[in-house]
Amino acid sequence: MPKVTIDGVTIEVPNGTTILEAARMIGPEVAPPTMCYYSKLETSGGYCRTCLVKVSQGSEKDPRPMPKPVASCRTQVMDGMVVENNTSPEIHEARAGVVEFLLANHPLDCPVCDQAGECHLQDLGYEHGKSETRFEFPRREFERKDIGDKIQLHMNRCILCYRCVKTADQVTDCRVHGVMNRGEVAEISTYIEKSIDNDFSGNVIDVCPVGALTDKTFRFQSRVWFTKPVDAHRDCVKCCGKVRLWYKGNEVLRVTARKDQWGEVESYDGKTGWICNTCRFDKKTTADWTIDGPSKISRHSVISANHYNSLKALKATIDRQKDALPHGEKVTLGHGALDPNNESK
Amino acid sequence: MGKKLLLEHIDVPGIQSLNVYRQKGGYETLKKALTSMTPEQILEEVKTSGLRGRGGAGFPTGLKWSFLAKPEGVARYLVCNADESEPGTFKDRYLMEKIPHILIEGMIVSSFALGANTSYIYIRGEYFYVARILENAIAEAYEAGLLGKNIMGSGYDLDLYVQIGAGAYICGEETALLESLEGKRGNPRIKPPFPAIAGLYGCPTVVNNVETIAAVVPIVKDGGAAYAQIGIGKSTGTKLISASGHLNKPGVYEIELGLPVEEFIYSEEYCGGIKNGKQLKAVVAGGSSVPILPAHLILKTAAGEPRLMSYEGLADGGFATGTMLGSGGFIAMDEDSSIVKNLWTFSRFYHHESCGQCSPCREGTGWMEKILHKILHGHGTLADVDLLWDIQSKIEGKTICPLGDAAAWPVASAIRHFRNEFEEYVKQGHSIKDVKHYYRLNHLPEPVN
Ligand SMILES: Cc1cc2nc3c(=O)[nH]c(=O)nc-3n(C[C@H](O)[C@H](O)[C@H](O)COP(=O)(O)O)c2cc1C
Ligand code: SF4
Ligand code: SF4
Ligand code: FES
């Protein structure tokens, strides 16, 4: 089993493990952020470039460093590999660049976006972004589209992570959407606007890291942080039936799959807990469900006002990194990122 | 006269046809390969020749071939990259149009060496008429028993197909090419695995440029050692150069690697000097992707030595004062040309051609193009020039495929060597008319950054 050292922590992992998975095994302090990789989707990752890391030693056998930063989600570890993530100022710089690119054409319409509060791009922006944009041109615009009667596509917000394409490919029966056009004007589209119509299509909403694919039944109902997540289950013939209910008062506003600490749909006994459209869209009363208890959410964006687990971890890493830096150098952080009072006030 | 290996018979009337090509010794090499050599021997000759990929990266061809995985019972493919879309590069078209059989012969010899029984030539959509020429040549070859079953009685079978792309630059990137060939969206694959392990339809595949494959013919004919005698150092053999821009005699030239740039530009044998008696301002030496160099650095290295047209010669000085041989697209610009305008044209190209898979390239190419447009039209600020520099540095080396680098390098090098011209545009805007004195005689004495 190869041994890899990431930000100074060494771990032994099974053959074929990626740097990212190895980092996740160590813990959130060293795990690079991901916008396109999704462990439950085959061939995902490699696109967004937020997970770039520096390989300062290729392996025991060939200790040369890799010439360029690599996408940790698509690079397998080699025995004796040494990886720098949070400890590399170069990587901080590169990641800030990627965040700037992801935001360059982003509409920044968080105030009216249903994803706000559970958006990976917001998190990423808080942690690695700058407070001002240097992009001064009109942002690209697409028409909003309905993909079937329950899902809405806001292409303006899409970061082309390909997760929904892969979900449609791998989780649903018949894929009718993909990427059209190329470059800056590439867009997610259903061919000839054909609606996606099958039992598992709703999962594209859960994999979308931003507010590009949203649940129309939840549209403008509430800010996410005013709703209370509760885990629940039911016997479902189509799916695992394990869900998260989002309450406002006694009302279930939204049903989603349960997500793990990386923001991915949970797995149960090695099977991904995708949920069917019946559970997601049609079971919106408490009576439909057996309640398991309040959900534990450890995301670092505004939603986790009461659960700042991951933030604490992040702070610990950065403190450690500060200590590791030569005297006098400073680490700059995204504004307010480390102030838990910032959002809970 | 430099030695001509590929273009020797280019002016022979009717050389496009199989008959005339054979009269000039065509397909003798194939016969030699099939009847007197083993695939391993051919590979050895190619290794000995020192041939390096002519598609841009200059990777040693013999080494690439030796990486090809050979699992039992799995098909192997040779794919010829005829997508030639790099601005400033048109040598493959010339070769295929004028002397198509040298490519066909090279394909058969190379396929035999690699153990491929099906091979493809992937050609860009705009070259549809060249595709027809190739198809005719292939039909002639089938007719003459040079393709198909039991070629020349050797027991070796090969089918060769021409596939026309839809005219996307990105489909010249080898893995995007393979995707496109498989009938999918032309997105570059994330590597590894490399095509040598899992290429076309997941099978081991070699992708080589047109010129690379054509060069296999003279290598097998005269032996790798003879080929290695030509050229200089690790840049062996001859290279086709597509010369364009403000030259008296633009066109495709076959040069022996190691030719001094000065001789190439000014001698009567090659480009015959700068048009209208003007002065040379700058050269993009290897296709739009490589760094632009001001006249003094393209003619002489930073150390004052004559600069040579070879992989090492053009790269001398790294990116600070050197460039790359690339695909051999040699674009000369005279004293009246505007670097900023040229750069904008290039940037517009990369913006248009990015596949959009990875964020730095998708967003960065468009952003740079917009800033350049702004500067060119007189609305730029000095901060914009710094911003451009910063954006290109955040694209370079951080993308899935080298198109990101290809978009970043021209921007970086233009600013590195011609920053004062950008500043002049900022000050004067598009009213800038007489660009002459801003650079040719007034280029930065020391490159910045
Ligand atoms: C964006 C991009 C475009 C490319 N276009 C071409 C091309 O048109 N023709 C070509 O031979 N190689 C092209 N290449 C290089 C190929 O990926 C590959 O390296 C080459 O075909 C290998 O052949 P060689 O080893 O014979 O040079 C391109 C690469 C990139 C990144
Ligand atoms: S719609 Fe969402 S999931 Fe699909 S590519 Fe865009 S950002 Fe990714
Ligand atoms: S670098 Fe550009 S062209 Fe290459 S994969 Fe990324 S987006 Fe596509
Ligand atoms: S998460 Fe690795 S590139 Fe997107």
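Helix α6 (residues 100-114) of chain B packs against α9(B) at an angle of about 75 degrees, and the two axes are 8 Å apart. Helices here are DSSP runs of H or I with at least four residues, strands are runs of E with at least two, and both are numbered from the N terminus. Axes are lines fitted to C-alpha atoms, for helices over the stretch in contact, and angles run from 0 to 180 degrees between N-to-C directions. α6(B) and α9(B) are therefore roughly perpendicular to each other; angles under 35 degrees count as roughly parallel, over 145 as roughly antiparallel, 65 to 115 as roughly perpendicular and the rest as oblique. On the α6(B) side the contact is made by B:I102, B:L103, B:E105, B:G106, B:M107, B:V109 and B:S110, and on the α9(B) side by B:V210, B:I213, B:A214, B:V216, B:V217 and B:V220, where contact means heavy atoms within 4.5 Å. By class, ten of these residues are nonpolar, two polar and one charged. Ala, Val, Leu, Ile, Met, Phe, Trp, Tyr, Cys and Pro count as nonpolar, Asp, Glu, Lys and Arg as charged, and the others, Gly among them, as polar.

This is a predicted model, in which local features need pLDDT of at least 70 and side-chain atom pairs count only at pLDDT 80 or more, while totals for chains, interfaces and linings use all residues. Residues are numbered from 1 along each chain as its sequence is written, chains are lettered from A and ligands numbered from 1 in the order in which they are written, and side-chain values use heavy atoms, with hydrogens and water left out.

Helix α9 (residues 210-222) of chain B also packs with helix α3 (residues 39-49) of chain B, at an angle of about 100 degrees and with axes 10 Å apart. That makes α3(B) roughly perpendicular to α9(B). Here B:I42, B:E45, B:V46 and B:S49 of α3(B) meet B:V216, B:I219 and B:V220 of α9(B). This contact has five nonpolar, one polar and one charged residues.

Ligand 1 has 18 residues around it, and B:G55, B:K64, B:N208, B:N209 and B:T212 come nearest; a residue is near a molecule or strand if one of its heavy atoms lies within 4 Å of it. Strand β4 (residues 205-209) of chain B gives the largest share of this shell, three residues. The shell divides into four nonpolar, eight polar and six charged residues. An oxygen atom of ligand 1 is 2.6 Å from an N or O atom in the side chain of B:N209, a polar contact being a pair of N or O atoms within 3.5 Å; within protein, one must be able to donate a hydrogen and the other to accept it, and residues adjacent in sequence count only if both atoms are side-chain atoms. An oxygen atom of ligand 1 is also 3.0 Å from a polar backbone atom of B:E174, and a nitrogen atom of ligand 1 is 3.2 Å from a polar backbone atom of B:G172.

Around ligand 2 are residues of chain A, including A:C158, A:C161, A:C164 and A:C208. This shell has twelve nonpolar, no polar and no charged residues. Ligand 3 is surrounded by 13 residues, the closest being B:C355, B:Q357, B:C358, B:C361 and B:C401. Its shell has eight nonpolar, five polar and no charged residues.
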